[in-house]
Amino acid sequence: MAKIKPLTTKTLSKMAVCVAIICISAYISFPITAVPFTCLTLTMLLSAFLSTPKETLIIMIVYTLIGAIGLPVFSGGAGGFNCLFSPTGGYLWGFIVSYPIASYLKGNKNSFKNFFLAGLAVIPITYIFGVAMLCFIMKLSILEGITIGALPFIPGDIIKTLIASYVAVRLRKNLFY
């Protein structure tokens, strides 16, 4: 049986900083449709690129839990359990699934290409969760849900993935490894 390795103080500190940056980035929010444009994709990808899949999962769960208990850390300063089951709640569930996968897909090499491709691979997973909840809560067709909850965000998410990949390579090179 494999022994579970405890997280070091350095790792816990890095994870706490990632959660804090994610919380702050949710306040950078611009209403576009029923789903606002935020910097969450950028900071969550950055967290995934700087962390292991296990650490990323913990970061995403902690972020979601502190928002669910009522702290105003979700998009636009929202908070509370009801946010998890709102029209945008699917994106919150999608974050928990998507970003640990991005962390896994990036591999161990400090590579812009690996980071960028991992980010592009998981953004559709977040959209699937988000659009599904959006359609269910707002009684939209799949096409309407995609039009409101995914299509307007694709160009921005590609740009945020490029930025997160570049910054992660620089940070991993200079700070973490």
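Predicted model: local features only at pLDDT ≥ 70, side-chain atom pairs only at ≥ 80, totals over all residues.
Residues are numbered from 1 along each chain as its sequence is written. Local features need pLDDT of at least 70, and side-chain atom pairs count only at pLDDT 80 or more.

Helices are DSSP runs (H or I, at least four residues), numbered from the N terminus. Axes are lines fitted to C-alpha atoms over the stretch in contact, with angles from 0 to 180 degrees between N-to-C directions.

| Helix pair | Axes come within | Crossing angle |
|---|---|---|
| α3 (residues 53-68) and α4 (residues 89-105) | 8 Å | roughly 165 degrees |
| α5 (residues 112-138) and α6 (residues 142-149) | 9 Å | roughly 120 degrees |

The angle in the α3 and α4 pair is roughly 165 degrees. That makes α3 roughly antiparallel to α4 (over 145 degrees). Residues in contact (heavy atoms within 4.5 Å) include Leu57 and Met60 of α3 and Phe95 and Tyr99 of α4. By class, this contact has 11 nonpolar, 3 polar and no charged residues. Nonpolar here means Ala, Val, Leu, Ile, Met, Phe, Trp, Tyr, Cys and Pro; charged means Asp, Glu, Lys and Arg; the others, Gly among them, are polar.

Helix α3 has 16 residues. Its buried residues (under 20% relative accessible area, 1.4 Å probe, protein chains only) include Glu55, Ile59 and Tyr63. Among the elements covering the buried residues of α3 are α1 (9-25) and α2 (40-50). Gly70 follows α3, with a positive phi near 120 degrees.

The α5 and α6 axes cross at roughly 120 degrees. Tyr127 and Leu134 of α5 are among the contact residues, as are Ile142 and Ile146 of α6. The contact divides into 7 nonpolar, 2 polar and no charged residues.

Conventions. Heavy atoms only, no water. Helix = DSSP H or I, 4+ residues; strand = E, 2+ residues; numbered from the N terminus. Parallel < 35°, antiparallel > 145°, perpendicular 65-115°, else oblique. Expected span 1.5 Å × (residues − 1). Buried < 20%, exposed > 50% of the residue type's maximum accessible area, 1.4 Å probe, protein only.
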